[in-house]
Amino acid sequence: MFTPATAEQRFVLDHIVRLSEISAEATPDLLDAVLDGAGQFAAGEWAPLERLGDTEGARWTEQGVTMPEGFAAAYRAYVEGGWGTIGSPAEHGGQGLPVSLSIAVLETLGTANMGFCLCPVLTVGAVEALHHHGSPEQQATYLPKLATGEWTGTMNLTEPQAGSDVGAVKTKAEPAGDGKWKIKGTKIYISFGDHDMADNIVHLVLARTPGAPAGTKGLSLFLVPKFRLRDDGTPGDFNDIKVVSIEHKMGLHASPTCVLSFGDNDDCIGELIGPELGGIRAMFTMMNNARLNVGLQGVQVAERATQRAVAYARERVQGYRGGAPTAIIEHPDVRRMLLRMKAQTQAARALVYYAFGQLDRGRAGDAEADKRVELLTPLAKAHATDLGSEVASLGVQVHGGMGYIEETGAAQHFRDARITPIYEGTNGIQAADLVGRKLSMDNGATLLGLLADMRADAEDAGLRALIDACEDVGRNLLGSDADDRLAASYPFLTMLSVAVCGWLMEKSGRLAAQSDGEPGFLKMKQAAARFYVEQIVPEALGLRAAAMAKAAVLYAVEAEAFAA
């Protein structure tokens, strides 16, 4: 049960991203070809494997991780189809098209099979890190293979004692001569850290060099392939990287989450990426890309959960309306849930795509867009994944008792969605980033500039009131101490996210009313926009009190009292 959201993607790319302003190459014919082709590919190759990926999942063996039957062939089809090359640098084998278009492809693939799609998502992040920080030799050797997806990439930060506290990393890198380094340590929670779908896996590993200072300042980033390369650039000797285990998880069973041990035999060789002690800067290039892509996962799971719930509600006959038996979609409360699912999914998509559009504009030299995407990144990651979880939960509710039964598939979306507010920096960390680094950019001018653009465009009085409330809270937090900022961080993040989504949804509703196209699609756009502005925007206004509250109430009792 999967239908590519092609019409919705095209609408957002045209009217929210305004892709034609970003790239002359992104013609209407090209957009149609890419979006339609990706939809057909995902429906034919990836969607049929979604259930198997959940029920069977990736498996650990002494020889490494094996994927369920059909995954390797589907991944080869992805590589051969060139789907990974769309947004990759042209000088390294990619098509060099806007990232905004490439993420529409990723959305389609992830909606078809969310767990599977983590593999290309992490590879895209590795491409970003090497493109910005790798040496010319590293780029020439690795980027052409990563850009196509022929080789896959991973990000290795977390260790048993170093989760959110990245500065606690203990993995070591010792000079091995010839510019090489010996890597030794253990990394956990490595998505697609091993699999049998590609000839090589390129691990990007944070490690500490001899004499490095404590904390994040002492970290360097290393390129550590699963197989070392021969002189002709093909994979050769095994590089002493052991898959200790894979995690038994609540969801995303098609994505092997690995514990990796580097250098058990003191023979794991890596190359430094960028300067020594420059690891955290290089890794944040990869992490910021990954955070936006995790926000996109919120869109993916929300879209799939909504499609499944709508289909069930149209088919399930229960109760009466107007004296006759009726499908549950005719009952007001089911309509409320479904319309909320549609509105929240469209809002999440608009927010994430808008952020990627600003990323494209920043790369084209727009300095203000560059700052705006920095501000939007914690919103896109946190709010879109919160919405993915909310919509997946509503999807279970629409199914009623059958939603709690695994065979319907609704429960899988609920389980898969729950990790997204956690990984790539918990949503609490995103909120802290918002009120810490992002709010203070240019002494608040970046935030105030966004709010001014929104205020100038907004028509609904409630939306304008929310925008004003965001400005009041933002100005208050700029003058607050660290504890008060952090105490207010999550309600403020939600308020600001809903305000941005409300702005984009209201604009979408206006444009849909003025557009030509499929009447049912345009009518739903207008209904979803109206529902969002009239019912969801006022909810966010109710968070103002929490966003203005001080931290004192949180520390009114000792830690021991929480166990009372």
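This is a predicted model: local features need pLDDT of at least 70, side-chain atom pairs count only at pLDDT 80 or more; totals for chains, interfaces and linings use all residues.
Residues are numbered from 1 along each chain as its sequence is written, and side-chain values use heavy atoms, with hydrogens and water left out.

**Entry: salt bridges**

I noted that the side chains of E159 and K187 form a salt bridge, at 2.8 Å from N to O. The term needs a side-chain nitrogen of Lys or Arg within 4 Å of a carboxyl oxygen of Asp or Glu. E159 sits in the loop between β3 (152–156) and β4 (172–177), and K187 in strand β5 (residues 180–191), 28 residues apart. Helices (H or I, at least four residues) and strands (E, at least two) are DSSP runs, numbered from the N terminus.

Next I took D266 and K184, whose side chains meet in a salt bridge of 3.1 Å, N to O. D266 is in the loop between β11 (257–262) and β12 (269–273) and K184 is in strand β5, so this pair ties together parts 82 residues apart in sequence. D266 is partly exposed because its relative accessible area is 46%. K184 is partly exposed too, at 41%.

Then I checked D267. Its salt bridge is with R228, and the closest N and O atoms are 2.9 Å apart. D267 lies in the loop between β11 and β12, R228 in strand β8, 39 residues apart. D267 has 34% relative accessibility, so I list D267 as partly exposed. R228, at 23%, is also partly exposed.

How many salt bridges does the structure hold? I count 39. A network of them links E8, E107, E303, R349 and K525.

I followed R228 into its strand, β8. Strands β8 (residues 227–229) and β9 (residues 235–238) run antiparallel and are joined by two bridges; strands pair if DSSP finds at least two bridges between them. L229 has P235 in β9 as its bridge partner. Five residues lie between the strands of the hairpin, and G233 takes a positive phi near 85°.

**Entry: aromatic pairs**

I searched the whole structure and got eleven aromatic pairs. Rings of Phe, Tyr and Trp (its six-membered ring) pair if their centres lie within 6.5 Å; planes under 30 degrees apart are stacked, over 60 edge-to-face, the rest tilted.

Why is the pair of Y354 and W503 edge-to-face? The ring centres are 5.5 Å apart and the planes stand at 85°, so that is the class. Y354 belongs to helix α10 (residues 332–363) and W503 to helix α16 (residues 482–514), so the pair ties together parts 149 residues apart in sequence. Y354 is buried at 7% relative accessible area, and W503 is buried at 5%.

I also recorded a cluster: ring pairs link F41, W46, F71, Y75, Y78, W83 and F116.

I536 is in helix α17 (residues 519–541). At 4% relative accessibility, I536 is buried. Its contacts (heavy atoms within 4.5 Å) are R340, A343, Q344, V498 and F531, leaving aside neighbours within four places in sequence.

H413 is in helix α12 (residues 410–417). Buried or exposed? H413 is buried, with 3% relative accessible area. Not counting residues up to four places away, H413 touches E50, V301, R304, A305, R308 and A392.

How values were computed: Buried means under 20% relative accessible area, exposed over 50%, partly exposed in between (1.4 Å probe, protein chains only).
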